[in-house]
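Morning, everyone. Have a look at it first.

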Amino acid sequence: MNFNIIVASLLMPTAIFAVAETKTITVTAENRLPFEKLAQPVIVRLDKHAAGMNVSKATAMIDGKEIASQLDDLDKDGIADELVMTVDIPAKKKAVIEVTLDTEGTQAEYEPATNAYIKLRDEKKTHVKVNSVAFPGDINVKTTYNSIYGHGAVMEGLHNAIRIYMDNRQSIDLYGKSQPRLELEVTGFYTTPEQLAEGYGRDILWAGKSVAAGSFRGYQNGSPCTIDTVSSRGQEVIVTGPVRSIVEVTDRDWIYNGKHHQMKQRYAIYAGRHDFDVEVTINGITDGDRFCTGIQKLETDNQGFIETDGLAGSYGSNVPEKKFPELTETLGLGLHVPAVNNGGMMEDEYNYLAMLVPDTHGKIWYSVNVGAEREAGGFKSAESWFDNLKRWHNELSNPCVITIK
């Protein structure tokens with residue numbers, strides 16, 4: 001026996017090759033309501049249904065036809081956490097999606113239907129994109145507001161867009177479109193007269209003293225209050241893609257009722273939908289803390305309602321840009337609050353409000369719906385808009401039943 005050969009073989013490095021994994025799952029989304037559900041988000045938690053796999057590619061098929069899907073890394077650890085799709089489901093029917101998950105390859109490119117960005121305002125007007133931005137809490141909020149092109153993060157779907165102001169208000173402002181497409185990279189919320197004549201959309205809301213369209217607030221002395229005293233405030237694009245975009249707003253050490261709170265708000269928009277979802281997580285909640293959101297009463301010809309089960313709606317006109325009083329916009333707003341977070345519905349001078357109760361994990365959810373009259377096929381009356389909101393509220397209150405095998 002040659003001892004040198006044995007020793008040499010023991011010392012030789014051993015090559016380790018990653019073994020590609022593939023897994024197929026069947027996802028069934030059942031619509032139990034007596035009307036069709038359009039653009040329904042279907043989400044697969046990969047830590048549960050593909051445990052141990054570092055999924056880099058997913059392919060989703062319905063009746064042999066590929067549909068758009070998106071892999072999202074929500075906790076930013078480099079591993080996809082969720083697979084998300086949107087599907088149309090007829091009344092009292094099921095959509096069956098065959099999904100193949102792979103640890104090799106990259107996700108296919110699909111037609112973009114959502115987009116999110118943060119752009120800096122600079123002297124050369126290049127408006128450089130950044131993934132995130134944060135400011136110390138002692139910086140004047142007018143400075144933070146004006147440091148961002150568009151005054152905050154922008155997120156759009158095919159039918160409308162929002163921007164989240166980078167200041168203590170963190171107000172949600174709205175952009176309505178005339179036709180379904182992505183266009184904020186062109187107009188940036190600042191549509192020119194020439195672009196307007198070409199069929200582009202524009203800013204459609206003047207927030208004023210209101211909560212605008214689903215802005216999150218504290219509630220003190222009988223009124224909504226802003227997020228004023230913080231150690232830092234920031235915004236980040238968590239994901240942007242063909243199916244879903246998510247923007248996160250962070251407030252560190254928010255002093256509310258004399259106590260420190262840590263808060264994150266996540267805004268999500270899905271392909272093909274008019275609404276957007278809000279998830280708020282707050283740590284440090286005390287017994288005296290009260291929170292709210294709402295939708296504003298429009299300046300002119302406002303009509304609106306609130307219902308105790310978590311639905312509110314308004315419809316009317318306003319002048320979004322006071323420099324151009326001749327440019328009025330008519331729109332409808334809607335708010336849905338799930339039962340677990342519904343702390344009571346009320347109204348004040350400017351708003352239809354929902355008091356918000358965090359669950360046992362400090363989480364709050366709600367959704368906001370937007371309908372611009374300028375949109376082709378848009379809602380032209382309060383009555384039609386309110387009928388739409390009641391159906392939407394029913395849809396969100398009775399989500400599709402998802403089974404995964």
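Ground rules. This is a predicted model, where local features need pLDDT of at least 70, side-chain atom pairs count only at pLDDT 80 or more, and totals for chains, interfaces and linings use all residues. Residues are numbered from 1 along each chain as its sequence is written, and side-chain values use heavy atoms, with hydrogens and water left out.

Confidence next. Mean pLDDT (the predictor's confidence in each residue, from 0 to 100) is 94 for the protein, and 96% of residues reach 70 or more. Residues 1–16 stay under 50.

Back to the largest pocket. A pocket is an open set of points on a 1 Å grid over the protein atoms alone, where a 1.4 Å probe fits, with protein on both sides within 12 Å along at least five of seven lines. Lining residues have an atom within 4 Å of a point. The volume is about 1,300 Å³, meaning the space filled by probe spheres set on the points, which are joined across faces, edges and corners. The lining has 36 residues. Nearest the centre are Ile 43, Tyr 270, Asp 277, Glu 279 and Trp 365.

Which elements supply at least two residues each? They are β2 (37–45), β18 (244–256), β19 (259–270), β20 (275–283), β27 (363–372) and α6 (382–397). The largest share, 7 residues, comes from β19. Helices (H or I, at least four residues) and strands (E, at least two) are DSSP runs, numbered from the N terminus.

Now the second largest pocket. Its volume is about 630 Å³. Of its 24 lining residues, Arg 163, Tyr 190, Asp 203, Pro 320 and Glu 321 are the closest to its centre. Two or more lining residues come from each of β12 (160–165), α5 (193–197) and β14 (202–203). By class, that lining has 12 nonpolar, 4 polar and 8 charged residues.

Finally, the whole fold. The protein has 6 helices and 28 strands. The C-alpha trace spans about 95 × 55 × 50 Å along its principal axes. Of the 405 residues, 50% count as buried, that is, under 20% relative accessible area with a 1.4 Å probe, protein chains only.

Technical notes. Ala, Val, Leu, Ile, Met, Phe, Trp, Tyr, Cys and Pro count as nonpolar, Asp, Glu, Lys and Arg as charged, and the others, Gly among them, as polar. Contact means heavy atoms within 4.5 Å.
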